[in-house]
Amino acid sequence: EKAQRSLKKAKQAYSNAGELGEKRLHDVNSLEKAVTREVQQLEMAVSFHRKAKEAVQIGHLMQFRKHWEDARQLYLKCGAAASRQEMLPDLEDLEKSVVVQEKNLVSLTATLTACEEALAAR
C-alpha cells in the first residue's frame with residue numbers, strides 16, 4: 001500500500017512537470033503495473049493460506065497440501081512483502097504442525113491394523 005501511495009504521488013508530480021515529466025511518467029506507469037501485480041499475487045496467496053488453514057481445521061490433508069503449495073509459491077514470488085508480514089513463516093509453521101498430524105495418523109493406522117490382525121488371528 002505504501003508503494004502504491006508513493007507511485008500515485010509520483011504520477012501526479014510527473015503529470016504536472018511537462019515534457020520531461022511525460023518521459024518519467026511512462027516509467028512510473030510500468031512500475032505501478034508491477035506493484036499492482038505483486039499486490040494481486042499477495043492477495044491470492046493470503047486466500048490460499050486461509051483455505052489451507054480451513055482444510056487443516058476440518059481434517060482434509062489433501063486439500064491442505066494443494067492450498068499450502070499454491071500459497072507458498074505465491075509468497076515466494078512476492079518475496080520481502082510476504083516475509084516482512086510474517087505470512088510465509090506462518091504458512092511454514094502450519095505445514096510443520098500438519099506433518100506431526102500426518103505422522104500421528106500413520107502411527108494410529110499401524111496400531112489399528114495390528115489390532116485388527118490380532119483379532120482376526122483369534
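**Helix packing and a few side chains**

Me: Which helix is H49 found in?
Reply: This is a predicted model: local features need pLDDT of at least 70, side-chain atom pairs count only at pLDDT 80 or more, and totals for chains, interfaces and linings use all residues. Residues are numbered from 1 along each chain as its sequence is written, and side-chain values use heavy atoms, with hydrogens and water left out. Helices (H or I, at least four residues) and strands (E, at least two) are DSSP runs, numbered from the N terminus. On that numbering, H49 sits in helix α2.

Me: Is H49 buried or exposed?
Reply: Buried means under 20% relative accessible area, exposed over 50%, and partly exposed in between (1.4 Å probe, protein chains only). H49 has 6% relative accessibility, so H49 counts as buried.

Me: Which residues does H49 touch, not counting those up to four places away in sequence?
Reply: Contact means heavy atoms within 4.5 Å. By that test, H49 touches A71, Y75, M87, D90 and L91.

Me: How do α2 and α5 run relative to each other?
Reply: Axes are lines fitted to C-alpha atoms, for helices over the stretch in contact, and angles run from 0 to 180 degrees between N-to-C directions. The axes of α2 (residues 18-58) and α5 (residues 87-121) come within 11 Å and cross at roughly 25 degrees. That makes the two helices roughly parallel. The classes are: under 35 degrees roughly parallel, over 145 roughly antiparallel, 65 to 115 roughly perpendicular, and the rest oblique.

Me: Which hand does the crossing of α2 and α5 have?
Reply: A crossing is left-handed if the near helix is turned anticlockwise from the far one by less than a right angle, and right-handed if clockwise. For α2 and α5, the crossing is left-handed.

Me: How many nonpolar residues are in the contact of α2 with α5?
Reply: L42, V46, H49, A52, K53 and V56 of α2 meet M87, D90, L91, L94, V98 and Q101 of α5. Ala, Val, Leu, Ile, Met, Phe, Trp, Tyr, Cys and Pro count as nonpolar, Asp, Glu, Lys and Arg as charged, and the others, Gly among them, as polar. The contact of α2 with α5 holds two polar residues, two charged ones and, of the nonpolar class, eight.

Me: How does α3 run relative to α5?
Reply: The axes of α3 and α5 are 11 Å apart and pack at about 155 degrees. Therefore α3 counts, relative to α5, as roughly antiparallel.

Me: Where is H67, and is H67 buried or exposed?
Reply: H67 lies in helix α3 (residues 61-78). Leaving aside neighbours within four places in sequence, H67 is in contact with F48, K51 and A52. Its relative accessibility is 14%, so H67 counts as buried.

Me: How far apart are the C-alpha atoms of E69 and K51?
Reply: E69 is another residue of helix α3. At 28% relative accessibility, E69 counts as partly exposed. E69 and K51 are 18 residues apart along the chain, and their C-alpha atoms are separated by 11 Å.

Me: How many disulfides are there?
Reply: A disulfide is counted here as a pair of cysteine sulfur atoms within 2.5 Å. C78 is buried, with a relative accessible area of 4%, while C115 is partly exposed at 42%. By the distance rule, the count of disulfides is zero.
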